[in-house]
Amino acid sequence: MMLVAQAVTSGLALGAIYALAASGLGIIFGLFGVINFAHTQNMMVAAVAAIAVSAAGAPFVVAVVVGILAAAILGVVTERLFIRPLLSHDTAQIDTLFVTLGLSIVIENVMLLAWGSQPTYFDTPLHGIIDLGGVVLTVDRVVTMAMAAIVFIALHLLTTRLRWGKAVLATAQNPVAAEVIGIPVQRVRLTAFAVGAGLAGLGGIFWGMIYSVSYVTGATFLILSFVLVVMSGPGNITGILLCSLLLGMTESVAGALFDAKWQRLAVMLVFIVLIVRRPQGLGQGRLTRGNI
Amino acid sequence: MTEMVDPDSPAHIGRRRKEYLWSGAGFGFLAAVPLVVTDQYLLFMLSLSLIYAIIALGLNLTNGYLGMLNLSVAGQVALGAYTCAILALRSVPIPLAIMASVIFGAAVAAIIFLIFARLHGFFFGLATIAAAEVIRLLIRNLDTITNGVRGLRGFAHLTDSAETTYLALVLCLAAIMLLSVLTVHSSIGLRWRAIRENRDKALSLGIPVTKFQFGGFVLSGAIMSFGGALLAPLLQYIEPNIAGLSILVQTVLMVALGGGGTLYGPVIGALAITLLPEFLRLANELRLVIYGLTLILVVLTLPGGILGFVIAKLRVRRRVAGL
């Protein structure tokens with residue numbers, strides 16, 4: 001029983017990272033319908049940047065900020081150079097898939113050439129453990145969960161309360177009409193990509209803190225992050241948090257009960273069952289393109 | 001996209017005959033290569049490119065002609081390769097092992113399609129990636145049968161010499177090409193294209209869309225598993241990462257570069273993509289970087305691929321000449 005409780009709590013931390021990885025995709029793919037297969041490469045790039053800056057002697061907070069900025073810049077470059085030129089194509093969605101798939105492979109292998117195949121981890125001041133009557137949590141995991149909670153509350157407020165969120169929704173729903181009423185459509189899309197990539201970067205930094213980062217980290221999360229957005233339903237940003245926690249716990253508990261090698265398979269099977277039973281996702285969010 | 005012509009009209013049959021002649025000449029040229037090339041390694045690379053051409057042809061049926069987003073390449077290839085290798089290690093003759101792989105590949109493709117039949121577009125694509133990932137994880141984890149991450153080696157070769165292997169593969173590619181040509185030029189192919197151009201209209205015309213998609217998906221899966229089954233005895237070593245993302249990128253690139261929805265484009269793409277990095281003598285990581293960059297460039301600047309580009313140019317010339 002204690003084993004399962006322990007697995008559930010570490011699963012929550014794992015789920016928090018998944019949630020950060022997929023949150024940006026919830027805007028980019030869930031709202032704009034853009035398939036960005038390079039999205040999770042932002043995680044790896046942010047973590048590697050943070051580790052490099054930290055190794056150069058920068059304080060922890062600076063390293064984290066630099067990592068997030070690196071990811072945000074990559075997100076902006078992706079949108080500007082590789083996605084925007086494709087929007088006029090007939091088969092824009094599939095073309096974006098292929099272009100970003102190519103970009104993903106390029107980033108991964110450039111990183112392999114430059115950084116090597118050795119996994120590295122982000123050494124931070126967040127050491128120590130918290131004992132909750134037998135269930136042990138590390139401080140970095142607690143911080144991760146707290147950050148995920150803050151990010152999702154902020155995202156919720158951003159998309160429902162702020163002008164920017166309304167502009168994002170309007171742009172996603174009908175770019176032409178949005179432009180007509182004076183929304184700077186291009187800039188809104190660009191900022192959405194920057195925010196999405198930055199959030200993924202934050203997830204990557206935590207991943208590098210708790211586990212370790214190597215050139216394959218982006219590929220590890222790629223399918224999973226799309227799975228999460230599809231599972232939660234289009235535009236359902238809070239749903240992503242719930243689905244991430246569900247999958248994180250599934251993975252962790254499967255690892256505790258059976259064998260670590262069956263973790264990923266359990267996650268994939270949960271996804272397959274869900275997408276077959278409910279192709280529309282677990283819940284239609286309030287932020288769907290059809291109803292604002 | 002491709003114009004819809006009555007496949008039995010006389011003008012079309014004339015053009016078809018010319019196409020068959022060109023295609024026969026092309027395969028004759030491919031078969032004559034060992035007369036000139038004696039270098040064993042080069043022959044191996046040529047053989048490899050023929051197998052990739054088969055895989056690309058398989059993918060092209062669903063993605064190019066049916067307009068489906070089938071991303072299960074890696075899974076189907078790995079399935080074929082592992083079935084063939086496991087049977088060959090239990091001293092089943094190679095041809096039988098390959099046949100078994102094709103049947104198994106087709107069966108798994110049928111199961112994948114039946115599970116995900118309700119999904120369309122990207123959601124179907126994502127589900128097929130998930131299916132490929134399940135296949136990869138099963139191969140990695142069922143180590144009593146597949147030897148896990150250590151991979152399998154020590155099974156029989158395709159034939160005794162590099163030359164005969166190459167010729168056998170030319171024959172295999174010719175057979176798959178003939179199968180594709182006959183299917184695409186038949187009334188089945190016409191309906192496939194109708195589904196690709198406008199799914200709802202095809203439905204309203206009474207074409208059983210799901211049934212045709214099922215047939216195309218299973219055929220495509222069987223061909224890709226066939227390619228995988230040929231891959232194992234040629235490479236002599238397979239490991240679970242054969243089902244990784246890089247083979248998906250590679251095959252998608254071959255189809256896109258040559259020209260999706262054309263019969264010969266994927267073959268041209270496969271030959272170019274496998275042979276060029278070899279002539280440039282690139283390290284593996286650099287090869288993948290170049291693949292990625294090429295894929296980006298092709299989709300951004302050459303949407304119809306090489307063949308689409310050439311056909312468009314030819315059409316303009318014909319139109320200018322008043323033909």
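Phi of Gln236(B) is near 65°, a positive value in a residue other than glycine. Gln236(B) counts as partly exposed because 14 C-beta neighbours lie inside 10 Å; a residue is buried if 20 or more other C-beta atoms lie within 10 Å of its own, exposed if 12 or fewer, and partly exposed in between, with C-beta atoms placed from the backbone. The model is predicted: local features need pLDDT of at least 70 and side-chain atom pairs count only at pLDDT 80 or more, whereas totals for chains, interfaces and linings use all residues. Residues are numbered from 1 along each chain as its sequence is written, while chains are lettered from A and ligands numbered from 1 in the order in which they are written.

A positive phi also occurs at Ser91(B), at about 50°, although Ser91(B) is not a glycine. Ser91(B) lies in the loop of chain B between helix H3 (73-89) and helix H4 (94-116). With 9 C-beta neighbours inside 10 Å, Ser91(B) counts as exposed. Arg281(B), which follows H12(B), has a positive phi as well, near 55°.

Helix H12 (residues 265-279) of chain B contains 15 residues and reaches 21 Å from its first C-alpha to its last, close to the 21 Å expected at 1.5 Å a residue; the expected span is 1.5 Å times one less than the number of residues. Buried positions in H12(B) are Gly265(B), Pro266(B), Val267(B), Ile268(B), Gly269(B), Ala270(B), Ile273(B) and Thr274(B). The axes of helix H2 (residues 40-65) of chain B and H12(B) come within 8 Å and cross at roughly 145°. Axes are lines fitted to C-alpha atoms, for helices over the stretch in contact, and angles run from 0 to 180 degrees between N-to-C directions. The crossing of H2(B) with H12(B) is right-handed; a crossing is left-handed if the near helix is turned anticlockwise from the far one by less than a right angle, and right-handed if clockwise. Residues of H2(B) including Met45(B), Leu48(B), Tyr52(B) and Asn60(B) meet residues of H12(B) including Pro266(B), Ala270(B), Thr274(B) and Glu278(B), two residues being in contact if their C-beta atoms, placed from the backbone, lie within 7 Å. By class, this contact has 11 nonpolar, 4 polar and 1 charged residues. Ala, Val, Leu, Ile, Met, Phe, Trp, Tyr, Cys and Pro count as nonpolar, Asp, Glu, Lys and Arg as charged, and the others, Gly among them, as polar.

Helix H7 (residues 162-185) of chain B has 24 residues that should span 34 Å at 1.5 Å a residue, and its end C-alpha atoms are 34 Å apart, which agrees. Among the buried residues of H7(B) are Ala162(B), Tyr166(B), Leu173(B), Met177(B) and Val184(B).

In chain A, the axes of helix H1 (residues 2-28) and helix H8 (residues 185-210) come within 8 Å and cross at roughly 165°. H1(A) is therefore roughly antiparallel to H8(A), given that angles under 35 degrees count as roughly parallel, over 145 as roughly antiparallel, 65 to 115 as roughly perpendicular and the rest as oblique. The crossing of H1(A) and H8(A) is left-handed. Ala13(A), Ile17(A) and Gly24(A) are among the contributors from H1(A), and Phe193(A), Gly203(A) and Trp207(A) are among those from H8(A). The residues of this contact divide into 17 nonpolar, 4 polar and no charged.

Ala13(A) is also touched by Met145(A), as are Leu12(A) and Ala16(A), not counting residues up to four places away in sequence. Met145(A) is found in helix H5 (residues 139-160) of chain A and counts as buried, with 21 C-beta neighbours inside 10 Å. Met145(A) and Gln41(A) are 104 residues apart in sequence and 21 Å apart in space, C-alpha to C-alpha.

Gln41(A) takes part in the contact of H2(A) with H4(A), together with residues including Met44(A) of H2(A) and Ile107(A) and Trp115(A) of H4(A). Helix H2 (residues 41-55) of chain A and H4(A) pack at an angle of about 25°, with their axes 10 Å apart; the two are therefore roughly parallel to each other. H2(A) passes H4(A) in a left-handed crossing.

Between the chains, 33 residues of chain A are in contact with 31 residues of chain B. Helix H4 (92-115), helix H9 (217-232) and helix H11 (263-277) of chain A each supply at least two residues of the side that touches chain B. The largest share of that side, 14 residues, comes from H4(A). Its residues divide into 26 nonpolar, 4 polar and 3 charged.

Notes
Helix = DSSP H or I, 4+ residues; strand = E, 2+ residues; numbered from the N terminus.
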